Amino acid sequence: MASSSSSDSSSSRFPRVAVIGAGLAGLTLARILTEMGLSVKVFDKGRSPAGRVSTRHEAGVGFDHGAQYFTARDEGFHRQVETWVEQGIAAEWRARFGTLENGVLTPKDEGPVRYVGVPGMSALAQAFASRVDVRCGVRVEHVRREQEAWALTAETGEALGTFHAVVAAVPAPQAVPLLAGSPELSARVAGVRMEPCWSVMASFDTPVPLAVDGAFIHGSPLSWAARDNSKPGRPPGERWVLHATPDFSREHLEDTPEAVAPLLVEAFSRAAGVDIRPAKAVAHRWRYAQAEPPLTEGALFDEKRGLGACGDWCAGSRVEGAYLSGMALSRRIVFWRP
């Protein structure tokens, strides 16, 4: 009886929280709230946690086809990065950087320290996910008010439980319908515009003859190209990730991956000024890649209704922003009572 009483007391003191989205922002929030004693469940439509800090596997090797690297400007995030480095989850990417434009390479020696997840960017999310209750392969369709709580229902019709607070840790356009119970919050999020990005994962039989490992590209349908195998902890074999500009990605938003991949490979050839012929090239569309412009609030929370939102689009559209957004919302929820 004493054990049951203790459990009831705990559940009455602390709210039950549902986090929709297992990207870095949602997982940061869930990890902190769980460590503070709250009951937290994370739901994600994907096959595994990560969001845009994901690593996709093609032909047995991984590609960082979303976020390419991260920097640490905030002191708190820098401490987290140091912990990741000590744990072997992250490492500095000591690569050659530059700019490419119409076949001209300009080295770029100066810049911030750049880090990557090891053995892939998804290692960051997986480290946090291992410490929280995450259920993947679940698309939350409805968030409906029932008495003093929010009832979640999956796309399949499955009842997912009731919660005092619900957080949408997904791209802003996907968060809008989940936050319909708070008209003001939903309207604020609806005003966030997010740009798409086509990404190409290309593997080669021989090294690409470029004296650079990461390049910002100008005057091209591409904005970025990276020698993925130059990152620490990666297996051998020449592999590149190409990111298209927002303009190209919008123009070709509904094209097939099979149509987009050769267009961006050709753009890479023109930008690099060399004949580039990958053994295989696969394209992936990020429909909501980056907010333009992002919000500056850090996170959003309707304390009256218990609905919130977090994500990199709330705090600078970077990996660091995603982490800081989850942190910011955790500080508001941990002391909140329904």
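The buried residues of helix α6 pack against α5 (172-178), β19 (300-302) and β20 (307-309), where buried means under 20% relative accessible area, exposed over 50% and partly exposed in between, with a 1.4 Å probe and protein chains only. The structure is a predicted model, in which local features need pLDDT of at least 70 and side-chain atom pairs count only at pLDDT 80 or more, whereas totals for chains, interfaces and linings use all residues. Residues are numbered from 1 along each chain as its sequence is written, and side-chain values use heavy atoms, with hydrogens and water left out.

Helix α6 spans residues 183-190, and its buried residues are Leu 185, Ser 186 and Val 189. These buried residues fall within an arc of 100 degrees when α6 is seen down its axis, so they line one face of the helix; the arc is that of the directions from the helix axis to the C-beta atoms. An α-helix has 3.6 residues a turn, so residues three or four places apart point the same way. On the face of α6 turned away from the buried side are the exposed residues Glu 184 and Ala 187.

As a whole, the chain contains 9 helices and 20 strands, which are DSSP runs numbered from the N terminus (helices H or I, at least four residues; strands E, at least two). Its radius of gyration is 21 Å, close to the 20 Å that the globule rule gives for 338 residues, so the chain is as compact as a globular protein of that length; the radius is taken over C-alpha atoms, and the rule is 2.2 Å times the number of residues to the power 0.38. Buried residues account for 52% of the 338 residues. Of the contacts between residues at least 6 apart in sequence, 68% join residues at least 24 apart, a contact being heavy atoms within 4.5 Å.

Helix α4, residues 122-129, is mostly covered, with 7 of its 8 residues buried. The buried residues of α4 are Ser 122, Ala 123, Leu 124, Ala 125, Ala 127, Phe 128 and Ala 129, and they pack against α2 (24-35), α3 (75-87), β5 (90-92), β8 (115-117), β9 (134-136) and α9 (319-333). When its neighbours within four places in sequence are left aside, Ala 123 is in contact with Ile 89 and Val 118. The C-alpha atom of Ala 123 is separated by 30 Å from that of Glu 254, which lies 131 residues away along the chain.

Arg 31 belongs to helix α2 and counts as buried, with 8% relative accessibility. Leaving aside neighbours within four places in sequence, the contacts of Arg 31 are with Gln 80, Phe 128, Arg 131, Val 132 and Tyr 323, and Phe 128 is one of the buried residues of α4.

His 218, by contrast, lies in the loop between β15 (214-217) and β16 (222-227), and it is partly exposed, its relative accessible area being 39%. With its neighbours within four places in sequence set aside, His 218 is in contact with Thr 99, Leu 100 and Glu 101. The C-alpha atoms of His 218 and Ala 309 are separated by 34 Å, while the two residues are 91 apart along the chain.
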